[in-house]
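Hello,

Please find the structure below, handed over for your use. My notes on what was found in it follow.

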Amino acid sequence: MLNFYYQVGYSGLCLLLIGLVGLFMAIRGTVLVILVKKQGLLPQGILNQIIITVQQCEHATAAPTTTAQESTDSASSAKGQGSFTNLTTPSSAPSRELIINTLMQVRMKGIYSSMYFLKLCAAIGPLLGLLGTVLGMVDVFSNLSARSMPDPSMLAGGIWEALLTTVMGLTLAIPALIVHYYLLMSLRGIRNQINLAVSNIKLN
């Protein structure tokens, strides 16, 4: 472990720790997506619970509390008496997409947290690798300037150690990005399935 630290430095250790957490998040998100898809529209499944909640919200906001004539009469009466009434209209209700997105993020927060962390890994992995490479090259050229007759093998070994962090960063970022988009496309498919079920649309 100490030899590994001398080869890759702080950037390499950070990449190793993030990679271990990213591996856990990738497995966790993939397993949760598989479980949600396997449940499907079962009565006790997450998707069915979201569909029922969305339908209840739409039914609650679809029925106005007063008719148009009653609203006009009450508004004119309130104006004459100098008082104000709070009228609830369906236009003030949140949209179906907003309700579905909110419910999905609440009920499937494990998948969303895994997806966001993998996106972070894909973004920060190459940057940490580049940082380690730059720091390694600075150390190589610092040692090179301190010697009047530098050894070519020492220079090559230092460059190899510096580029090792770049390889680690790319090795972390590429699989993380692949799993991130897999989770993203799976969530989009689940959202479309919920929209179709709420709208009572069946695909042949």
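**Overall fold**

There are six helices and zero strands in the chain. The model is a predicted one. Along the sequence, the pattern reads α-α-α-α-α-α. Of the 204 residues in the chain, 29% are buried.

**Helix 4**

Helix 4 covers residues 96–107, and at 1.5 Å a residue its 12 residues should span 16 Å. The C-alpha atoms at its ends are 16 Å apart, which agrees with that expectation. Its buried residues are Ile99, Ile100, Leu103 and Met104. Viewed down the axis of helix 4, these buried residues fall within an arc of 125°, so they line one face of the helix.

A search of the whole structure gives one aromatic pair. The partners are Tyr112 and Tyr116, with 6.1 Å from centre to centre and 50° between the planes, and the pair is classed as tilted.

Tyr116, at 46% relative accessibility, counts as partly exposed.

**Second largest pocket**

The second largest pocket holds about 190 Å³ of space. Its lining is made up of 13 residues, of which Gly19, Leu23, Thr171, Leu172 and Pro175 are the closest to the centre. Helix 1 (2–39) and helix 6 (152–198) each supply at least two residues of that lining. Sorted by class, the lining has 10 nonpolar residues, three polar ones and no charged ones.

**Ile124 and Leu172**

How far is Leu172 from Ile124, counted along the chain and between C-alpha atoms? The two are 48 residues apart along the chain, and their C-alpha atoms are separated by 9.3 Å. Ile124 is in helix 5. Its relative accessibility is 29%, so Ile124 counts as partly exposed.

Regards

Conventions: Residues are numbered from 1 along each chain as its sequence is written. This is a predicted model: local features need pLDDT of at least 70, side-chain atom pairs count only at pLDDT 80 or more; totals for chains, interfaces and linings use all residues. Side-chain values use heavy atoms; hydrogens and water are left out. Rings of Phe, Tyr and Trp (its six-membered ring) pair if their centres lie within 6.5 Å; planes under 30 degrees apart count as stacked, over 60 as edge-to-face and the rest as tilted. Buried means under 20% relative accessible area, exposed over 50%, partly exposed in between (1.4 Å probe, protein chains only). On a 1 Å grid over the protein atoms alone, a cavity is a set of points where a 1.4 Å probe fits but cannot get out, and a pocket is an open set with protein on both sides within 12 Å along at least five of seven lines; lining residues have an atom within 4 Å of a point. Grid points are joined across faces, edges and corners, and a volume is the space filled by probe spheres set on the points. Helices (H or I, at least four residues) and strands (E, at least two) are DSSP runs, numbered from the N terminus. Ala, Val, Leu, Ile, Met, Phe, Trp, Tyr, Cys and Pro count as nonpolar, Asp, Glu, Lys and Arg as charged, and the others, Gly among them, as polar. The expected span of a helix is 1.5 Å times one less than its number of residues. The arc is that of the directions from the helix axis to the C-beta atoms.
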